[in-house]
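Here are my notes on this model. Please keep the structure open as you read.

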Amino acid sequence: MRNIYAIGETVFDIMLRGGRPIGGNPGGSVLNSVVTLGRLGMKPIFMSDFCDDMIGKVISQFLVDNGVTPKHLVDGSTMQTSIALAFLNKDNDAQYEFYKQHPKSPDLSLFEADFKKDDILLFGSYYAIMPEIREGVKHLVSLARKQGAIIVYDPNFRKPHLKDLPTVKKSIEENIALSDVIKGSDEDYKLIFNCEWEASVFEQLSAINRNAVLFYTKGKDGCTYYHRGVTLEYPVPKIKPVSTIGAGDNFNAGIVYGIVKNNLTRNDIRANINKTAVDEIVRHAVKFSQEVCMSSENYISRP
């Protein structure tokens, strides 16, 4: 079995409706993905900040209980676990506010992994461009690329960080250039590129990385696959969501799961994935994403 590595932030999500808390889960974009992969028996390794406060210990044990191996990147003994407040509107779509403690002077030597050819590295969200640890993240991703791993990136860029875009856009573009598979939502690309037209987004992404496989998700309007001029449109079944938290993260889990189940190598992805395999990847991605929308958890239910 190939190894699946992931790097991202660790937070605790608190959901609110009408200004009142209605539940909470361990969260963070990449964490949501790896819990789903862990529940599918894929034994992912998750690299993140794990604080020594009570809620941090709860999250670490939760990961282990769900088949995920946590790997510490920074000393969390003087930090507190970050909190994300998710405000659900009448359609149960979430808008976020974040309360974070950024790591100080992390040990960059910890940003290492024993990548083998065709292992998978999943990364993204603001953690992938955070100035305090940017050097370490870039080193890890570059190492994965050098060793022939498949790199999956989701910018997952949200409105609260828009003020930082002039500072971090170069890092987003570097991540795009280093990746083999890039998945972003219409919201992500509108904020990053100030553009709502798919064709223009694909043109800008391809100018940065012409070899990457691209997925453009549009919520209830489905998703689009693009690679070297080939475009495939995928509608999605209509559902009545309980919460959209984790929907995109579980789409990412579906991409990783589909790559493994179809035994796709990095060379396959860079050359051309056959349509049957793309259909299968999207089927998993949509199924995982929609199941999460039908529950108050951030990950698929236990199989």
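1. Start with helix α1. Of its 11 residues, 11 are buried, so α1 is largely enclosed by the rest of the structure. Buried means under 20% relative accessible area, exposed over 50%, and partly exposed in between (1.4 Å probe, protein chains only). Helices (H or I, at least four residues) and strands (E, at least two) are DSSP runs, numbered from the N terminus. The buried residues of α1 include S29, V30, L31 and R39. Just after α1, G41 takes a positive phi of about 80°.

2. A word on the source. This is a predicted model: local features need pLDDT of at least 70, side-chain atom pairs count only at pLDDT 80 or more, and totals for chains, interfaces and linings use all residues. Residues are numbered from 1 along each chain as its sequence is written, and side-chain values use heavy atoms, with hydrogens and water left out.

3. Next, the partner of α1. Helix α1 (residues 29-39) packs with helix α7 (residues 247-261) at an angle of about 45°, and their axes are 8 Å apart. Axes are lines fitted to C-alpha atoms, for helices over the stretch in contact; angles run from 0 to 180 degrees between N-to-C directions. α1 and α7 are therefore oblique to each other. Angles under 35 degrees count as roughly parallel, over 145 as roughly antiparallel, 65 to 115 as roughly perpendicular, and the rest as oblique. On the α1 side, S29, N32, S33, T36 and L37 meet residues of α7, among them D249, N250 and Y257. Contact means heavy atoms within 4.5 Å.

4. α4 and helix α5 (residues 186-193) pack at an angle of about 120°, with axes 11 Å apart. That makes α4 oblique to α5. L165, K169, I172 and I176 of α4 touch L191, I192 and F193 of α5.

5. Now D180. Is D180 buried or exposed? At 1% relative accessibility, D180 counts as buried. D180 sits in the loop between α4 (165-178) and β10 (181-185). Its side chain makes a polar contact with the side chain of R266 (3.1 Å). A polar contact is a pair of N or O atoms within 3.5 Å; within protein, one must be able to donate a hydrogen and the other to accept it, and residues adjacent in sequence count only if both atoms are side-chain atoms.

6. Last, the largest nonpolar core. Of its 46 residues, F46, F215 and I259 touch the most other members. Helix α9 (residues 275-293) gives the most to this core, with eight residues. A nonpolar core is a set of buried Ala, Val, Leu, Ile, Met, Phe, Trp, Tyr and Cys residues joined through side-chain atoms within 4.5 Å.
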